[in-house]
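Trainee: Could you take me on a close look at one part of this model, the sheet and what packs around it? I would like one connected walk through it, please.

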Amino acid sequence: MSPDRASVFLLGATGYIGGGVLARLLVNAKPLFDITVMLRDAVKASKLKPFGVKTVLGNLDDTDTIESFASQADIVFECADADHVESTKAVLRGLKKRHQQTGIAPVLIHTSGTGVLADNAAGMHSTDIVYNDNDVEQLAKLPPEQPHRTIDLMVIAADEEGYVRSYLVLPSTIYGLASGPLVDAGIMNPQSQQIPALIMASMDRGQAGMVGEGKNIWPNVNIDDAVHLYELLWSAILACKEIGHGKEGYYFAENGEHTLYDVAKAIGAALKDFGLAETDKPSSFTKEELEKYFAGSDSLGSNARCRAERSRAIGWKPKKKTEDMLASIKPEIQFMLSRVP
């Protein structure tokens, strides 16, 4: 792609990942991009004006709007929902029009997740299966019914057709309270999903909880490290570097592993310190609790092990490790408590 000013369309700008990506674009790449974001909240849209960001009001079901703005973009960042099929179809239709208009394949940087690797361990065992983002054949064998897989395959197929160059970013368990101007302005969600969901359930039941025995293993990555991977991708794209795309365009974001028990234990210790639990020992969620807190899903008890070799090969050097993730849990709880009326 030419290093001249490129048009960007970003979905998910007020979210944890998308807001982080937007913040990094504004800090390090604003002169290179003409940025448009779609969001639902008119108040937040007005707050983005001082940042020099163009906004359009809408949600992921507004597929005509998404298609229209994607057709005007050189690069689309999808950071809103890894499982919203119709919005991704609209993005791809728009990018196909862009290709027809310009003769140049536009770029799609799509956010998937390492949930696509998940098994059904239900917290009862670990696994020796470790996926590598550099192993094309291994990843091609992932069953189509895996989480996120339907959209991942759509994005890869579009690349194979030649009208888009696609890159799949697969964050693992993202952690850490986001900070910066977009958070300070009340635009961006500062929290992730997995660990806060476990914390909220544990606080409600008065004891740290886990799925099964918590023996399952997941990778983890700090939010700032994850966002830096996106930055490396767009920098390589602007510099016309030949990096993997399409079926060779998986980029995992991980820098360490943990068991669910490790996380539950850290939550338990923090809850006891705050006087919110009598014991620091975690216990298994009952079937009724899984229904109450997680819509009956035991996905937090799955294994999803991986290694980010392709990501590191393009220069990604994450800094935070598993011990940082565990240390982040107590501040996360403190933050959540500060927001309770």
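Mentor: Happy to. Let's begin where E1 meets strand E2 (residues 33-39): the two pair in the parallel sense, over six bridges. Within that pairing, Ser-7 has Asp-34 in E2 as its bridge partner. Keep in mind throughout that this is a predicted model.

Lying across this region is helix H1 (residues 16-28), which spans E1, E2, E4, E5 and strand E7 (165-171). The direction of H1 runs at about 155° to E2. Another helix, H6 (residues 149-161), also packs on the sheet, where H6 touches E5, E7 and E11. The direction of H6 makes about 155° with that of E7.

Now step back to the sheet as a whole. Seven strands make up an open sheet with parallel pairing, and their order is E3-E2-E1-E4-E5-E7-E11. What stands at the edges? Strand E3 (54-57) and strand E11 (250-253) do. Each has a single partner strand, so one side of E3 and one side of E11 are left without a neighbour in the sheet. Ignoring direction, neighbouring strands here are turned against each other by 20° on average.

Let's zoom in on E4, in the order between E1 and E5. On one flank, strand E1 (residues 6-11) pairs with E4 in the parallel sense over four bridges, and Phe-9 has Val-76 in E4 as its bridge partner. On the other flank, E4 and E5 also pair in the parallel sense, over four bridges. There, Glu-78 stands opposite His-110 in E5. To get from E4 to E5, the chain passes through helix H4 (residues 85-102), and this β-α-β crossover is right-handed.

Are the side chains of E4 buried or exposed? Both faces of the strand are covered. Ile-75 and Phe-77 are buried on one side, while Val-76 and Glu-78 are buried on the other.

The structure holds six aromatic pairs. One of them is formed by Phe-77 and Trp-234, an edge-to-face pair at 5.9 Å centre to centre with 90° between the planes. Phe-77 belongs to strand E4 (residues 75-78) and Trp-234 to helix H9 (residues 223-238), so this pair ties together parts that are 157 residues apart in sequence. Both partners, Phe-77 and Trp-234, are buried. Ring pairs also bring in Phe-33, giving a cluster of Phe-33, Phe-77 and Trp-234.

The charged end of Lys-330 sits over the ring of Phe-274, at 5.7 Å from the ring centre.

Finally, a few backbone angles for your checks. Most residues other than glycine have a negative phi. Ala-122, however, has a positive phi near 55°, and Ala-122 is placed in the loop between strand E5 (107-111) and strand E6 (131-132). Ala-295 also has a positive phi, near 55°. Ala-295 lies in the loop between helix H11 (287-294) and strand E14 (306-307), and it is exposed, with a relative accessible area of 66%.

Definitions and conventions. Residues numbered from 1 in each chain as written. Predicted model: local features only at pLDDT ≥ 70, side-chain atom pairs only at ≥ 80, totals over all residues. Heavy atoms only, no water. Buried < 20%, exposed > 50% of the residue type's maximum accessible area, 1.4 Å probe, protein only. Phe/Tyr/Trp six-rings, centres within 6.5 Å; stacked < 30°, edge-to-face > 60°. Lys NZ or Arg CZ within 6 Å of the ring centre and 35° of its normal. Pairing = 2+ DSSP bridges. Right-handed = clockwise from strand over helix to strand, strands pointing away. Axes fitted to C-alpha atoms, helices over the stretch in contact; angles between N-to-C directions. Contact = heavy atoms within 4.5 Å.
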